[in-house]
Amino acid sequence: MNVPKKDIEPEIEIEADEEPSLPQTEEVDALAIGEQAADSLAAGRDAILRYAKLAPSQPGVYRMIDARGDVLYVGKAKNVRNRVRAYARPAGLDTRIERMIAATRALEFVVTRTETEALLLEANLIKRLRPRFNVTLRDDKSFPYILITSDHWAPQILKHRGARTRPGHYFGPFASVWAVNRTVNALQRAFLLRSCTDPFFESRTRPCLLHQIKRCSAPCTNEIDFAEYAVLVGEANAFLSGRSKAVKDELAGEMEKASLALDFERAAVYRDRLAALSAIQSHQGVNPRGVEEADVFALHQQGGFACVEVFFFRTGQNWGNRAYFPKADRSISPGEILEAFLAQFYDDKPCPRLILISHDIEDRELLAEALATKSGHKIEVMVPRRGEKKDLIEHALANAREALGRKLAETSSQEQLLRQLAATFGLPRVPRRIEVYDNSHIQGSNAVGAMIVAGAEGFRKRDYRKFNIRSADLTPGDDFAMMREVLTRRFKRLLTEAPLSSRPAGEGGESPGGASGQATIAVAGLDLLPPQGEEELLQAVSSTDEPESPWPDLVLIDGGQGQLSTAREVLTQLGVDVPMVAIAKGPDRDAGRETFFVPGRDSFKLPPRDPVLYFVERLRDEAHRFAVGSHRARRMRDLREAGLQEIAGIGPTRKRALLHHFGTLKAIERASVTDLMQVDGISAETARRIYEFFHEGAA
């Protein structure tokens, strides 16, 4: 009964803060839909009625699946059979639902004990499967927290992201890494807690620089005793737990006592700590008196797109905000978008006791019950009508309007750049997906290939991929062979997961305008037309129900004619024809003097101030950044496994001396040659070798 589905889980996870982006969109061929609508709609209704006979009359989740096995939609219901039968009604459904029904060829069902469980399962499946007819949270990631550890006699303060497995007190979430770093820095000045790792702490024989600049009390060298340090830790926990006024009053009292005792140095320490606490609170913007713990969600729609602005309030303090741009059809109401967004947002995050929303949702009580079941405490979801909570919603709405306006303006500029790019390189259509490839290694060791992806909405970091070069017969440092391996692995997998024959109509063969396009390139983009106005442009990138294609419209290679020839040879052997461009660095690797190589054309340069040149340089530099970062991570992992003995002249004795002096491998990596020479047994030549090992430029 079940239609087989391909694996759609991402190959890797990218640990990086990602700029929120508008969902990728494509055009709809209205004429083609009109011709096939009647037959497809009838076939879809027949399939739904056939599967409805097997549907359970209990709470659960249903999945609607197309002919290729892709999940179109995930829904929940108190009575699954009744809900599924409703889709077969001959009238009364909007256009979006009819398109979904027309594409449906099979259904799957999962029974749950309660409707609450069905809601939680639905949110989990939507996040994992990303059906194209659901509202999907596209820019989701874990939020950073502040952690004050409790597994050491001298607790450490640090930024934390991920599973909360280490013993200690967690405070958050914060909206961004920047907000956490700023707060941790201020807390170090206010409470003088250590931020170093335990191995670094244990190896110290003298206070580090942080003690000299008054950001650490140096418990590592007993500059402060255990009891005094415990007081500082308690004050930090109290401040982050919301008792900031009591902490500040206590510090002010101590400052006054020291001043009266004429101990002005000690009074100055308390003064600086009070100033640091005031700085933390001054950066928090809106700090409501009557809201102790809440998340605020406000939604604004414009031009077929939606923006959800989220504010986090904990312990009466504003811990930042973030904008999200969920993928949703323009016909979906704000309440429906918010309901789907909230369920997915809290699928893997702790939930506060109060959630304020800008628009009412149909199943508000059910959502509150589901989140309470998941969190283990009572949760209230409310739409404030007046007072301070209403002011918070209005403030969040204003931020949502501004964020969406900025993103639409950026998208408009990006569309114009893509049009100019297509004209410059003679592409058959404006590219919707650009893939850029680069390699990184040091004399062939720890070689890594990297692929980054960009489109009309900017960089798509979720689609980035890295390739550990693993060919046994590859000559160290052979860039051509590395590029051959990377492209072979990438496009072989692409052919398996998204065969050319199964790609949606309009991606190859005849272009929408009737001109012959390239039959194997990616999704149908916009035709090369004169620049459009804002309204036409928004219309061109408006949301549709077409699935996103993993096939690139343009492949950029970081290299010259040799790399381009190698790439063309690989794709020719695989039977793939994708537009390709190679970009070679200028003399002395000067930016702005790059040479471009396009098949069938002479090499050429672009004018120094050409916007397309800047755009391509940004793409190339991002690929280089990702490749070098992946290479360094692999090299450091190997170094941690092999130890410093991998450096010529470093044995167990010198390794022990280095670690005893610097504390950690990262500190050794940052050390200068002069600093390295201060270690017993490290000569000038050995120090130079160590420094060059860590600082030699990656290829």
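The legends below describe close-up views of a predicted protein model.

Residues are numbered from 1 along each chain as its sequence is written, and side-chain values use heavy atoms, leaving out hydrogens and water. Because the model is predicted, local features need pLDDT of at least 70 and side-chain atom pairs count only at pLDDT 80 or more, while totals for chains, interfaces and linings use all residues.

**Figure 1. The whole protein, for orientation.** Of its 699 residues, 51% are buried, where buried means under 20% relative accessible area, exposed means over 50%, and partly exposed lies in between (1.4 Å probe, protein chains only). Among contacts (heavy atoms within 4.5 Å) with a separation of 6 or more, 66% join residues 24 or more positions apart.

**Figure 2. The largest nonpolar core.** A nonpolar core is a set of buried Ala, Val, Leu, Ile, Met, Phe, Trp, Tyr and Cys residues joined through side-chain atoms within 4.5 Å. The largest one has 35 residues, of which Phe 297, Phe 345, Ile 355 and Ile 357 touch the most other members. Two or more residues each come from helix H4 (115-129), strand E7 (294-302), strand E8 (305-314), helix H11 (334-345), strand E10 (354-357) and helix H12 (364-375). The most are given by H11, with seven residues. In soluble globular proteins, nonpolar side chains tend to be buried together.

**Figure 3. The surroundings of Ile 357.** Leaving out residues up to four places away in sequence, Ile 357 touches Phe 297, Leu 338, Leu 342, Arg 364, Val 381, Met 382, Val 383, Pro 384 and Ile 393.

**Figure 4. Aromatic pairs.** Rings of Phe, Tyr and Trp (its six-membered ring) pair if their centres lie within 6.5 Å; planes under 30 degrees apart count as stacked, over 60 as edge-to-face and the rest as tilted. The count is 18 aromatic pairs. Phe 312 and Phe 345 are a stacked pair, 6.5 Å centre to centre with 20° between the planes. This pair links distant parts of the chain, since Phe 312 is in strand E8 and Phe 345 is in helix H11, 33 residues apart. Phe 312 is buried at a relative accessible area of 1%, and Phe 345 is buried at 1%. Phe 596 and Phe 604 are also stacked, because their ring centres are 5.8 Å apart and their planes are at 25°. Phe 596 is buried at 0% relative accessibility, and Phe 604 is buried at 16%.

**Figure 5. A ring cluster and two charges.** Ring pairs join Phe 297, Phe 312, Tyr 324, Phe 341, Phe 345 and Tyr 346 into a cluster. A charge sits over a ring if NZ of Lys or CZ of Arg is within 6 Å of the ring centre and within 35 degrees of the ring normal. The charged end of Arg 322 is over the ring of Tyr 324, 4.6 Å from its centre. Lys 349 lies over the face of Phe 345, 4.8 Å from the ring centre.

**Figure 6. The loop around Gly 162.** Gly 162 is in the loop between strand E5 (157-160) and strand E6 (168-171). Its relative accessibility is 42%, so Gly 162 counts as partly exposed. The C-alpha atoms of Gly 162 and Phe 143 are separated by 7.9 Å, although the two residues are 19 residues apart along the chain.

Conventions
Helix = DSSP H or I, 4+ residues; strand = E, 2+ residues; numbered from the N terminus.
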